[in-house]
Amino acid sequence: MVSFPTNLLRKFRSDIAIDLGTANTLVFIKDEGIVLNEPSVVAFKTSGGNRKVIAVGAEAKSMLGRTPKGIEAIRPMRDGVIADFAVAEEMIKYFFRRVTSPLRIVKPNVIVCVPFGSTQVEKRAIREAVLSAGARRTGLISEPIAAAIGAGIEIGGPHGSMVVDIGGGTTDIAIIALGGIVHANSIRVAGDLMDETIIEYLRIKHNLIVSTGTAEGVKNVLGTATVPADGQGSSLMVRGRDRVGGAPRETELNQSHVAEALSEPLGRIREAIASVLQQTPPALSNDISATGIMMTGGGAQIADLDATLRKRTNLPVVIADDPLRCVAKGTGLALDLNPQLRHVIDYES
């Protein structure tokens, strides 16, 4: 009889959790943790009406805005759901091959997190893409539940908890108790829209045209919810194309500029949080007064956003440890939920 190393056999059989994000896809394998974190980007070559994938993930992201005629790099996810089914399916297949053995004996069960407000059509598209990529069975878990689990919140108890997950495509806000969502809202205002507002700000205020990648870099370095005390804060030189003359040039941007650019999307997030709080049952409001708001996702790292939320809500606000990987970790931990909480995973019958 042929024998295999124990760790290899585990990889053949292990179930998989996927955070299929607008900006990045993270894959969690049971007993191993997060094994992949790649941009949700695919590059393909079009010839004779057919598309052939030539790069996925980080390599494809490096091609955004740089491709010659006949080659295109796109993000197949938009607002947390599939926008281009065929390309998303190829991306998922590629990531599956990256994390599983070609000698796989048993197809894995797969759990995928989805925004709270996803429609049945959007959910079905995700299920079909994952099944086509090689899953045996696909379950869906709501992003706020996954975020809460990943942040270490005990979701099964009667005590109410509030989670705000600011991802790439959506911001999910939820009140959770007794293993379920009592009230929630999902708005399509998150990291991608912040990038777009920075692009628009530079176009209008500085007559500079920049790429999405440049805007994302500005957000990551200078992103802040408040104007710094000195009126400027940190700064950096931003390169782009002159809106009028078309020649390359650069301009200096500081945190005050970025705070102005981000004021509209961050304001909409604050309004959505206030709306959920207003509709929270009084008994759970008392719980949240004590425990406060748990923030997860890349947007949680915007400087001073937690402070502005504390001021606006008069509640404690905590940023989760490792907020960028919180949803992926929680989706992975959901693979081992006790039987009383398995209802949070939606397996299509």
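User: What counts as a strand here, and where does T170 lie?

Analyst: Strands are DSSP runs of E with at least two residues, helices are runs of H or I with at least four, and both are numbered from the N terminus. The model is predicted, so local features need pLDDT of at least 70 and side-chain atom pairs pLDDT of 80 or more, while totals for chains, interfaces and linings use all residues. Residues count from 1 along each chain as its sequence is written, and side-chain values use heavy atoms, without hydrogens and water. T170 lies in the loop between β11 (161-166) and β12 (171-177).

User: Is T170 buried or exposed?

Analyst: Buried means under 20% relative accessible area, exposed over 50%, and partly exposed in between, using a 1.4 Å probe and protein chains only. T170 has a relative accessible area of 3%, so T170 is buried.

User: Which residue sits over the face of F44?

Analyst: A charge sits over a ring if NZ of Lys or CZ of Arg is within 6 Å of the ring centre and within 35 degrees of the ring normal. At 4.7 Å from the ring centre of F44, the residue is R51.

User: Over which ring does the charged end of R137 sit?

Analyst: The distance to the ring centre is 3.8 Å. The ring belongs to Y347.

User: How many bridges join β2 to β3?

Analyst: Two strands pair if DSSP finds at least two bridges between them. β2 (residues 24-29) and β3 (residues 33-39) run antiparallel. T25 has E38 in β3 as its bridge partner. The number of bridges is six.

User: Which residue in the hairpin turn has a positive phi?

Analyst: Three residues separate β2 and β3 in this hairpin. With a phi of about 75°, the turn residue is D31.
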